[in-house]
Each structure stands twice: as C-alpha cells, then as structure tokens.
Amino acid sequence: MAAAPAIEFRSVTKKYGDAAVVDNLTLSIPQGKITVFVGPSGCGKTTSLRMINRMVEHTDGEILVRGEANTTRPVHELRRSIGYVLQQAGLMPHQSVLDNITTVPRLKGVAKKQARAEALELLDTVGLDRASASKYPAQLSGGQAQRVGVARALAGQSDILLMDEPFSAIDPVVRADLQQSLLDLQQKLHRTIVFVTHDIDEAVLLGDYIAVFAPGGTIAQFGTPEEILRAPACDYVASFVGRDRGMRRLTFAGAENVAVSPLQAAEGEGWQLRLADGRPDGWLTGGRHLPGGSLFVRGGTLRDALDSVLSSPSGWGVAVDEQGKALGLLEADSVLEATRQERYLRYGLEAPWARGESADSRQNSAAAASDGGASA
Ligand SMILES: Nc1ncnc2c1ncn2[C@@H]1O[C@H](COP(=O)(O)OP(=O)(O)O)[C@@H](O)[C@H]1O
Ligand SMILES: [Mg+2]
C-alpha cells in the first residue's frame with residue numbers, strides 16, 4: 001500500500017475480564033478507501049471499530065490514527081475528528097434534522113449561519129430534499145434517517161468515517177439505494193471509511209478492502225474482495241464467502257466479450273421484443289405481452305449480463321445504452337462462453353479455442369444491433 005495508512009492496529013487486544021474479544025489484531029487501513037470489517041455476529045467487529053475513536057478503550061497494543069497514537073490527544077478531540085454512523089442512525093429525537101447535522105460543526109466552533117448553509121448542502125449530497133431540514137427524526141423513513149446519519153457524519157469534515165452496520169436494518173430495496181449512494185459519494189469525497197457488516201455481499205459490493213473477522217476476535221484474511229473470493233486463505237473464509245461465490249466472482253468480470261445479437265434474433269424462437277420509444281417494453285409471444293427481465297446496461301458486468309438472461313421470459317437478455325435504448329440481445333450461450341473466457345484469463349491459462357473472433361468483430365455486432373434498434 002503506497003499511501004500512509006489512515007488507521008493502524010498494532011497487536012491490539014481487548015479483554016473483558018479474562019476473555020479476549022479482540023485478540024492481537026494487527027491491521028493497516030489505507031487512506032481514502034472503504035475497508036469493510038465482515039464476519040458473523042460476536043466476532044469483535046464493533047469492538048474493533050469503537051476502539052478507533054475510543055468509544056471502547058483497548059487493553060493492549062496500540063492504535064494509530066493519522067500516524068499518531070489515538071491516546072495522545074484528548075478523547076473528545078479524537079472523537080470529533082472522526083465521523084460515526086450507527087445502525088439506527090442514532091439521531092437526537094428532539095432535534096430537527098438541521099440541528100442534528102450541525103451539532104458537531106457547532107461544537108467545533110463553526111458559526112451558526114455557516115453550519116446551516118453547509119448542512120443544507122450536505123442534504124443535497126446525501127440525496128435528501130432540503131425541506132427535510134426542519135423535520136424531526138420520527139417523521140423520517142428508515143432510509144431517510146440513515147441518509148441524515150451519513151450527512152451528520154460528513155458534517156464534521158473529518159477524513160475518517162466509521163460506519164457500524166448502517167444499512168442492516170433497512171429493507172433490501174432501499175438498502176441497495178443507500179449502498180449505491182455511498183459509492184457515489186465516495187467517488188467524490190475519497191474519505192477513509194471503515195464499514196462494519198455481517199453481510200458478505202455488502203462487503204464485496206462496497207469494500208476496496210475487506211477484513212474477514214473470525215470468532216475470537218481475530219482476522220482470518222485481509223485483501224481486496226477479488227482476492228478473498230478467488231483465494232480464500234483458509235476453510236473458515238472459504239465457507240464464509242462460499243455461498244454464491246461463483247456468482248459473486250462475475251461481479252468483477254466485464255461483459256465486453258459477450259456477443260450482442262440483433263434485436264430480431266429471438267424471432268425465430270417466437271419471441272419479439274416490444275419497444276416503446278426505442279426502449280424495451282416487454283416481450284410478445286403467441287399473442288401475449290409479458291413483462292421483461294432485468295436490462296443489461298452497456299459496460300456492465302458478467303453478473304449483470306447473466307441476470308438479464310436468467311430473468312428474461314424469452315431467455316434472451318436485453319442490452320441497452322445509458323439512456324435505456326435497446327442495443328441488442330444477449331444469448332445464454334454467449335454469456336456462458338464469456339464466463340469460460342474469463343475463467344481462463346483469471347487463472348492465466350492459455351485458452352484452448354482459436355481466437356478467431358476478434359474484439360473488433362464483436363464491437364461491430366454491437367454497433368449493428370444498435371442500428372437495428374434505432375430503425376425498429
Ligand atoms: N461491554 C461488554 N462487556 C462484555 N462483553 C462484551 C461487551 N461488549 C461486547 N462484548 C462481547 O464481545 C464480543 C464481540 O462483540 P462485538 O464487537 O459487538 O461483535 P460484532 O460486532 O462482531 O457482532 C461478543 O462476544 C460480545 O458479547
Ligand atoms: Mg456489531
């Protein structure tokens with residue numbers, strides 16, 4: 001890792017009585033990246049997170065924050081320099097959204113007017129209406145409250161954010177939305193984020209790096225999601241990431257090698273893609289109109305491509321451009337063929353098939369499909 005770590009655990013142990021709940025933890029958390037602590041319940045993730053800002057004091061070892069032992073400065077100063085987001089957002093119920101967001105900046109001495117102006121901008125940043133500023137936490141949905149929680153953590157202007165299962169209590173659809181918002185936000189902000197979850201899918205989606213915690217408060221593996229899925233360090237990690245591991249791997253593989261067929265390609269099998277304004281609008285077959293499956297947006301992953309095929313009533317996935325206009329169809333066989341190529345690439349093996357079909361000719365087929373879509 002090139003940049004100096006933002007946070008470093010050096011042989012850190014936390015004991016309650018004689019029992020170590022975090023045991024001799026050594027870990028470097030890189031700057032400007034999302035590092036996820038993942039593992040089953042009770043393995044010391046929350047404790048480790050809270051030791052960073054000393055909501056929990058460690059028993060042994062040393063924790064460096066921005067290169068300095070976290071015991072050097074007064075604890076309130078340390079805490080205000082680190083944003084914190086809890087599972088239940090942790091908003092003050094008797095304070096408006098605006099007051100919740102401006103609390104820490106005000107404590108830090110930011111003038112009221114400036115703190116309010118910045119809070120309103122933060123509402124934009126996390127995707128909330130400015131009108132929510134005057135609401136109280138009880139008037140917000142779970143998803144909105146979490147967005148306020150994130151805004152409040154950002155308001156401290158801190159380069160480090162700790163997030164403890166912030167999306168775990170949110171229903172799946174809204175959760176997916178919040179996860180994407182966090183990724184979008186991070187694209188702009190490049191904060192050091194330490195994110196705790198028990199959900200390996202969430203870890204893979206969000207993490208630049210993942211620390212897999214094992215019972216007993218140790219780390220079984222630290223690496224990129226890709227490394228951990230490709231080469232689990234031990235049986236424990238393999239079984240923890242095991243479910244759907246093959247599917248999850250497809251998340252890292254681009255679909256540029258999937259051949260795109262013309263929009264009419266399924267007609268021989270009795271399926272016609274219906275278009276509305278150039279956009280897919282379900283399938284026509286035997287006089288019936290069936291809703292379509294998930295769309296494959298150009299530039300997506302092999303997992304997206306496969307999902308498009310598997311969710312389509314015709315068995316043909318539909319590729320669209322960024323505006324949602326239909327580009328062409330994806331055949332199950334061509335997606336599987338691309339996964340086969342990806343497999344050889346991944347293991348650095350020489351492919352047994354002749355590489356007659358060039359990337360160029362595939363580009364052409366995608367372009368042809370696009371023309372077909374425009375004229376259909
Ligand atoms: N204040 C405490 N006193 C005693 N044991 C605790 C305390 N806080 C946490 N523990 C124990 O430490 C272990 C790790 O807890 P925690 O860090 O919350 O795990 P996780 O976040 O991975 O679910 C658990 O066995 C928990 O019961
Ligand atoms: Mg926890």
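This is a predicted model: local features need pLDDT of at least 70, side-chain atom pairs count only at pLDDT 80 or more; totals for chains, interfaces and linings use all residues.
For sorting residues by class, Ala, Val, Leu, Ile, Met, Phe, Trp, Tyr, Cys and Pro count as nonpolar, Asp, Glu, Lys and Arg as charged, and the others, Gly among them, as polar. The shell around ligand 1 holds six polar residues, three nonpolar ones and one charged residue. Its members are Y16, V21, G39, S41, G42, C43, G44, K45, T46 and T47. Helix α1, which spans residues 45-52, contributes the most to this shell, with three residues.

Attention now turns to the interior. In soluble globular proteins, nonpolar side chains tend to be buried together. Here the largest nonpolar core has 63 residues, and the members that touch the most others are I52, A151 and V212. Helix α5 (residues 142-155) supplies the largest share of this core, with seven residues. What does V212 touch, once residues up to four places away in sequence are set aside? The contacts of V212 are V38, G39, I219, A220, Q221, I228, V237 and F240. One of these, G39, also belongs to the shell around ligand 1.

Strands of a sheet pair through backbone hydrogen bonds, either parallel or antiparallel. Three strands here form an open sheet in the order β11-β12-β13, with antiparallel pairing. Its edges are β11 and β13 (288-290), each of which pairs on one side only. From one strand to the next, the twist averages 40 degrees. Between β12 and β13, which run antiparallel, there are three bridges. L284, for instance, has H289 in β13 as its bridge partner.

Most residues other than glycine have a negative phi. H190, however, has a positive phi, near 50 degrees, and D277 also has a positive phi, near 60 degrees. Where are these residues found? H190 is in the loop between α6 (172-189) and β8 (192-197). D277 is in the loop between β11 (272-276) and β12 (279-285), two strands of the open sheet described above. Are H190 and D277 buried or exposed? H190 is exposed because 12 other C-beta atoms lie within 10 Å, and D277 is exposed because 7 do.

Definitions and conventions:
Residues are numbered from 1 along each chain as its sequence is written. Chains are lettered from A and ligands numbered from 1 in the order in which they are written. A nonpolar core is a set of buried Ala, Val, Leu, Ile, Met, Phe, Trp, Tyr and Cys residues joined through C-beta atoms within 7 Å. A residue is buried if 20 or more other C-beta atoms lie within 10 Å of its own, exposed if 12 or fewer, and partly exposed in between; C-beta atoms are placed from the backbone. Helices (H or I, at least four residues) and strands (E, at least two) are DSSP runs, numbered from the N terminus. Two residues are in contact if their C-beta atoms, placed from the backbone, lie within 7 Å. A residue is near a molecule or strand if its C-beta atom, placed from the backbone, lies within 6 Å of it. Two strands pair if DSSP finds at least two bridges between them. Axes are lines fitted to C-alpha atoms, for helices over the stretch in contact, and angles run from 0 to 180 degrees between N-to-C directions.
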